[in-house]
Amino acid sequence: MALTFFNTFTRRKEEFKPIIDGEVRMYTCGPTVYDFAHIGNFRAYIFEDLLRRYLIYRGFKVTQVMNLTDIDDKTIRGCNAKGISLNDYTAIYKKAFFEDLDALKIQSAEHYPEATAHIKEMVDMVKILLEKGIAYTMGSSIYYRITEFPNYGRLSGMNLAELKTGVRIDVEEYEKETAADFALWKGWDESDGKVFWETELGKGRPGWHIECSAMSMKYLGQTFDIHTGGVDNIFPHHENEIAQSEGATGKRFVNYWMHNAHLMVEGRKMAKSFNNFYTLKDLLNRGLHPLAVRYVLLSTHYRQQLNFTFDGVKAALASLQRLWDFHTNITDAPHGDSGGRISSLVREAREKFIGGLDDDLNVSPAFAAVFDLVKGANIVLSEVGGLSPAEKREILETWDGFDSVLGVIKPPEESLIIDEEIERLIQERIDARKRKDYAESDRIRDHLSGKGIILEDTKIGTKWKRKVK
Ligand code: AMP
Ligand code: ZN
């Protein structure tokens with residue numbers, strides 16, 4: 001079977017054919033670094049991580065770019081409110097973002113360009129759009145004239161006639177020719193405070209959409225393979241990226257557009273504005289395991305909505321524990337020989353795994369393949385009593401391959417300790433302190449610390465949390 005992806009642009013599944021054989025260039029819209037990312041955002045980054053990892057598993061060389069949106073209304077408002085520079089303000093959230101990526105085992109992209117470091121590229125692009133008559137100046141700002149781009153609305157299925165007269169997208173931009181025209185460059189006003197750039201376009205700052213067009217094309221070329229984001233990015237953000245990029249180059253911008261559905265909380269999208277969000281640290285502080293969070297965000301197909309619950313994360317850890325135990329049991333299995341049964345189990349698991357993920361990253365059959373292998377190999381192990389070195393190798397190599405895609409099925413060194421054991425050790429430490437055996441109490445604290453568990457003694461007892469690596 002061929003590798004297929006659902007392309008938002010054509011609204012159907014298509015066989016994936018990269019521009020250059022064996023290579024994939026992809027762009028993923030990154031975080032707006034005005035605050036800590038919430039786990040809804042991480043659903044998008046985990047979908048993109050799965051895509052990246054699977055492409056690598058299928059033998060492609062991947063070049064991924066994820067931007068950091070450090071210039072927008074929210075970052076500017078934030079730094080001005082605190083009276084610090086834009087860079088000082090966003091640095092905190094950039095650092096936290098990379099820590100969360102690590103904790104969730106999201107692989108690094110090849111490039112993380114920041115808007116603040118690419119003003120020149122944006123200005124150059126706006127200049128081309130002005131020269132072509134696709135952009136126009138109003139006051140000190142510059143807008144994109146959507147009527148100059150006949151394909152405007154193709155990605156999102158919006159109707160251009162409706163957009164022309166429709167509701168204003170941004171009430172403050174009252175001077176535009178057409179309601180859905182959008183800002184490429186925003187002239188400075190007092191609310192921007194010290195945040196501005198003096199450029200050939202005047203004193204001001206870029207609009208959000210131009211940031212992604214300029215940075216994606218700089219690192220990936222004028223036409224590249226895949227562009228991703230959450231469904232909320234389809235309109236207006238990605239629609240505008242297409243208009244800007246294709247308007248400027250006259251070439252097709254992106255071949256495959258892929259969008260993930262939302263993480264929901266009680267029927268609503270998880271969002272800062274609804275105040276129904278959790279950051280990763282919120283969850284870790286409640287004792288949840290980062291890989292259980294990864295598993296929850298990963299194990300529902302990316303185009304299906306996913307409802308977040310704490311029980312879901314707790315159940316996820318139990319499933320993972322089973323997979324981690326299996327890995328340990330296979331590694332430690334005594335000598336034996338199944339006479340070919342293991343080889344056929346492994347072959348079936350691989351076929352099912354690839355068959356599922358080839359079909360628009362369908363993770364359900366892929367995880368089913370993993371659990372089938374566990375079940376099958378456990379039966380063999382209990383009947384035969386052991387494995388030959390070649391059989392062990394077969395299982396463990398396949399497991400490594402699956403884990404290179406899923407990133408959750410191998411036991412992480414520091415998390416071989418489960419909640420019940422932590423609670424037991426904390427109780428032992430309390431007992432030790434009662435008998436004034438401080439050496440023992442310190443030993444338990446150090447032991448837990450070595451396993452990545454931090455204890456905190458409070459008035460209402462001892463609390464614990466997992467260290468974020
Ligand atoms: P932002 O920082 O708002 O630009 O969002 C970063 C990424 O997270 C984008 O790809 C969004 O589409 C995505 N996103 C935001 N909220 C959610 C959610 N509740 N579920 C899934 N993805 C989301
Ligand atoms: Zn973007």
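Predicted model: local features only at pLDDT ≥ 70, side-chain atom pairs only at ≥ 80, totals over all residues.

So, helix H1 gives the most to the shell around ligand 1, with four residues. When I say helix or strand, I mean DSSP runs numbered from the N terminus: helices are H or I with at least four residues, strands are E with at least two.

Residues are numbered from 1 along each chain as its sequence is written, chains are lettered from A and ligands numbered from 1 in the order in which they are written, and side-chain values use heavy atoms, with hydrogens and water left out.

Back to the ligand. How many residues surround ligand 1? There are 18, and the closest are Gly40, Gly230, Asp232, Leu263 and Met270; being near here means having a heavy atom within 4 Å. By class, the shell has six nonpolar, 10 polar and two charged residues. Nonpolar covers Ala, Val, Leu, Ile, Met, Phe, Trp, Tyr, Cys and Pro, charged is Asp, Glu, Lys and Arg, and the others, Gly among them, are polar.

Now zoom in on some backbone atoms. A backbone N or O of Gly40 sits 3.1 Å from a nitrogen of ligand 1. Gly230 has a polar backbone atom 3.0 Å from a ligand oxygen, and for Met270 a polar backbone atom is 2.8 Å from a ligand nitrogen. On its own, ligand 1 exposes 490 Å², and the protein buries 90% of that; those areas are Shrake-Rupley, with a 1.4 Å probe.

H1 (residues 39–57) has a helix partner as well: its axis and that of H9 (residues 290–298) come within 9 Å and cross at roughly 75 degrees. That makes the two roughly perpendicular, a label for angles from 65 to 115 degrees.

Most residues other than glycine have a negative phi, and most peptide bonds are trans. Yet Arg11 has a positive phi, near 60 degrees, and a cis peptide bond joins Phe235 and Pro236. You'll find Arg11 in the loop between strands E1 (4–7) and E2 (12–15), and Pro236 in helix H7 (residues 234–249).

Terms used. Axes fitted to C-alpha atoms, helices over the stretch in contact; angles between N-to-C directions. Parallel < 35°, antiparallel > 145°, perpendicular 65-115°, else oblique. Polar contact = N/O pair within 3.5 Å; in protein donor to acceptor, adjacent residues only side chain to side chain.
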